[in-house]
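Work through the exercises below with the sequence and the 3D view open. Try each task before reading its solution.

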Amino acid sequence: MTKITIAYAPDAQMTPLTLASMASVLKNANDKNDIEFAIMYSAQRSNDKYLRYFENLRHIRPYKLTLLPINPQIFEDFPCPNWVTTETWFRCLLAELLPNADKVLYLDCDTIVRHPLDDLFATELANNLVGAVEDVSRSKDNAARLNLADNFYFNAGMLLINLQAWRQDNLFARLKNLVMSDQRIANDQDALNKACEGRKLRLSPRFDYMHVWWRKNTPQYDASYAAEFEKAGRNPIIVHFTGVKPNHPDCQNRFAPEYAAYAALVPEYQILQQEIGIKKSGRGRTKLSLTKRLFSIEVSTDRKHLYVNFLGLTLKLKKRA
């Protein structure tokens, strides 16, 4: 049996997407795969009724489930853009959370797996900290912004993680130091790219295929990787629904019908979709609640500005150095 450990970090609203992603893994796994899911979640959700639904996919095939509560205050001072939640940082703790594992596949909740994962999970990482796919949006611009010596900016929605190397490198402590000292780091993806600088294995786009239909986007790939991206789009292993999510009616991603088929394998999916499904398209900044529109202060993605919301008006102010 080949053991494949897959980690997710959903907040409550991402539960339907996560379950559909898990269903896709189970539906397409080889008979000889031993699947383990590690679900990272905020310890504040310990009594959340939705957590029990992660147990309810065994009608597809058997799997092991590990629930990992995390204190979100660990990341209290970490930058968090308003289109994500604190849970996006949880992946940075996987080396400590899975002390007996040497390798883990981290997946964002908005993914589906269309084929067995044997080839991906068997990838030899050697001394590399991660295997990942170059980001489909502004990868070279972001590499330059962070002054990455390897000129490789990956998308963190799929990470094949060398946990043994993370522990030897004391990666989380080093990453935290980078976050606190480098104002260029705007989110967890930036932090991971900088912390893993020079020790990244660039994987085929078929392992994290991003169909960016919802905006004008030309990947900044070299010629060979661009050709690989075009080929990957015809039959990807993993599809990543960046932007508008596949459980929203505005989603026009060409793989959305496949997502719906996997969602149909989740017994509680329709209940979850009604109660906590995605209510926004994902375009632009998240609409603020009435309370926050009356008065609130947000830190911008680049951490150089503040959004001051007052009586429905929003002012963007530059932070003092």
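Buried means under 20% relative accessible area, exposed over 50%, and partly exposed in between (1.4 Å probe, protein chains only). The model is predicted: local features need pLDDT of at least 70, side-chain atom pairs count only at pLDDT 80 or more, and totals for chains, interfaces and linings use all residues. Residues are numbered from 1 along each chain as its sequence is written, and side-chain values use heavy atoms, without hydrogens and water.

**Exercise 1.** Find Y209 and F255, and decide whether they are buried or exposed.

Solution. Both Y209 and F255 are buried.

**Exercise 2.** Classify the pair Y50 and Y53, then the pair Y209 and F255.

Solution. Start with the rule: rings of Phe, Tyr and Trp (its six-membered ring) pair if their centres lie within 6.5 Å; planes under 30 degrees apart are stacked, over 60 edge-to-face, the rest tilted. The structure holds 16 aromatic pairs. For Y50 and Y53, the centres are 6.1 Å apart and the planes 50 degrees apart, a tilted pair. Y50 has 10% relative accessibility, so Y50 is buried. Y53, at 9%, is also buried. Next, the ring centres of Y209 and F255 lie 6.1 Å apart with planes at 75 degrees, so this pair is edge-to-face. Y209 sits in the loop between β8 (200-202) and α8 (223-232), and F255 in the loop between β9 (238-240) and α9, so the pair ties together parts 46 residues apart in sequence. Helices (H or I, at least four residues) and strands (E, at least two) are DSSP runs, numbered from the N terminus.

**Exercise 3.** Which residues form one aromatic cluster?

Solution. The members are F75, F78, W89, F90 and F172.
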